Amino acid sequence: MTVMRYSDIFFDFDDTLYDTRSNANIALRETFRDYNLSRYFVDEQSFYDDYWEVNARLWSMYNNNEISKDYLIIERFKRPLSVGIPNVTDDLCKDISDTFLAHCADKPGILPGADCLLKYLKRKGYRLHICSNGFHEIQYRKLKACGLYDYFDNIFLSEDVGYNKPSKIFYEYAVLHAKSKPRQTLMVGDNYIADVCGALDFGLDACLYRRWDKSFVPDREVTFIVDDLTEIITIL
């Protein structure tokens, strides 16, 4: 009989299980049409490119507690919109953001292998938990829209914890409330800093889902590295 090395698996949600980038691209285009933004932008794709570049920078700052959620929500639209709309207001950016997030929340797309992996882990008896920096009001809706909600014993969100990954306080909170043991807990995520380094720094094992760059080589020892979610089945 094989004894399980882990009892609890912590999962990042966005871009680890849920296809956030693809779903958000659809939502962004829907929002662009809702507000008839083609009036202000000759090149629609340049707006999308600007949005994603700004969004990535702001999320990195948000994860490091350098900016607030409200600042992120407004600025990720204000900066690309200002290219086509002089003196764009915060109120307009907030309205557009609310519409965009509403569109995001009903998208069902998950990443290849996610459902298969979670079914396998539940059958094996692992306790599964979400550890996410995503916004509270949206994450629960996305989890239910994509059909993954019922797999998880707990959902830990940075807004509820009061600290973002990679903070040790976030992981301390998750371990405490999951009633798990650090040596028997594995964190799985696509973000090297927030998911992997954050977990390792707290004393958890970590699995890097190398979704974005298969050639990426970590600058420290990582417990596991996978390029496909179903590879985790061979580990666990």
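Let's start at Ser158, which counts as buried because its relative accessibility is 2%, under the 20% cut-off. This residue is found in helix H7, which covers residues 158–161. The model is a predicted one, and a walk through a few of its sites follows. Setting aside neighbours within four places in sequence, Ser158 is in contact with Tyr62, Ser132, Asn133, Gly134, Tyr163, Asn164 and Phe170.

**Aromatic rings**

A search of the whole structure finds 19 aromatic pairs, and two of them are set side by side here.

| Aromatic pair | Centre to centre | Angle between planes | Arrangement |
|---|---|---|---|
| Phe32 and Phe41 | 6.3 Å | 50 degrees | tilted |
| Phe170 and Tyr171 | 5.5 Å | 75 degrees | edge-to-face |

Phe170 and Tyr171 are buried, and Phe32 and Phe41 are both buried as well. Phe32 and Phe41 also belong to one aromatic cluster, together with Phe47 and Tyr48.

**Helices H8 and H9**

For helix H8 (residues 168–178) and helix H9 (residues 192–202), the angle is about 75 degrees and the axes are 9 Å apart. Because that angle falls within 65 to 115 degrees, H8 and H9 are roughly perpendicular to each other. On the H8 side, Lys168, Tyr171, Glu172 and Val175 meet Ala194, Asp195, Gly198, Ala199, Asp201 and Phe202 of H9. Sorted by class, this contact of H8 with H9 has five nonpolar residues, four charged ones and one polar one.

How enclosed is H9 by the rest of the structure? H9 is largely enclosed, because eight of its eleven residues are buried. Those buried residues are Tyr192, Ala194, Asp195, Val196, Cys197, Gly198, Ala199 and Leu200. The elements that cover them include helix H2 (44–63), H8, strand S4 (185–189) and strand S5 (205–209).

The two ends of H9 are worth a look too. At its start, a side-chain oxygen of Asn191 comes to within 3.1 Å of the backbone nitrogen of Ile193. After H9 comes Gly203, with a positive phi near 110 degrees.

Back in H8, is Leu176 buried or exposed? Leu176, which lies in helix H8, is exposed because its relative accessible area of 60% is over the 50% cut-off. The C-alpha atom of Leu176 is 12 Å from that of His129, and these two residues are 47 apart along the chain.

**A buried lysine**

Our last stop is Lys107, placed in the loop between helix H4 (90–105) and helix H5 (114–124). With a relative accessible area of 8%, Lys107 falls under the 20% cut-off and is therefore buried.

Which polar partners does the Lys107 side chain have? One is the backbone oxygen of His103, which the side chain of Lys107 reaches at 2.8 Å. Another is the side chain of Asp106, joined to that of Lys107 by a polar contact of 2.9 Å. Not counting residues up to four places away in sequence, Lys107 touches Tyr18, Asn23, Ile26, Ala27, Glu30 and Ala145.

Conventions:
Residues numbered from 1 in each chain as written. Predicted model: local features only at pLDDT ≥ 70, side-chain atom pairs only at ≥ 80, totals over all residues. Heavy atoms only, no water. Helix = DSSP H or I, 4+ residues; strand = E, 2+ residues; numbered from the N terminus. Buried < 20%, exposed > 50% of the residue type's maximum accessible area, 1.4 Å probe, protein only. Polar contact = N/O pair within 3.5 Å; in protein donor to acceptor, adjacent residues only side chain to side chain. Contact = heavy atoms within 4.5 Å. Axes fitted to C-alpha atoms, helices over the stretch in contact; angles between N-to-C directions. Parallel < 35°, antiparallel > 145°, perpendicular 65-115°, else oblique. Nonpolar A, V, L, I, M, F, W, Y, C, P; charged D, E, K, R; others polar. Phe/Tyr/Trp six-rings, centres within 6.5 Å; stacked < 30°, edge-to-face > 60°.
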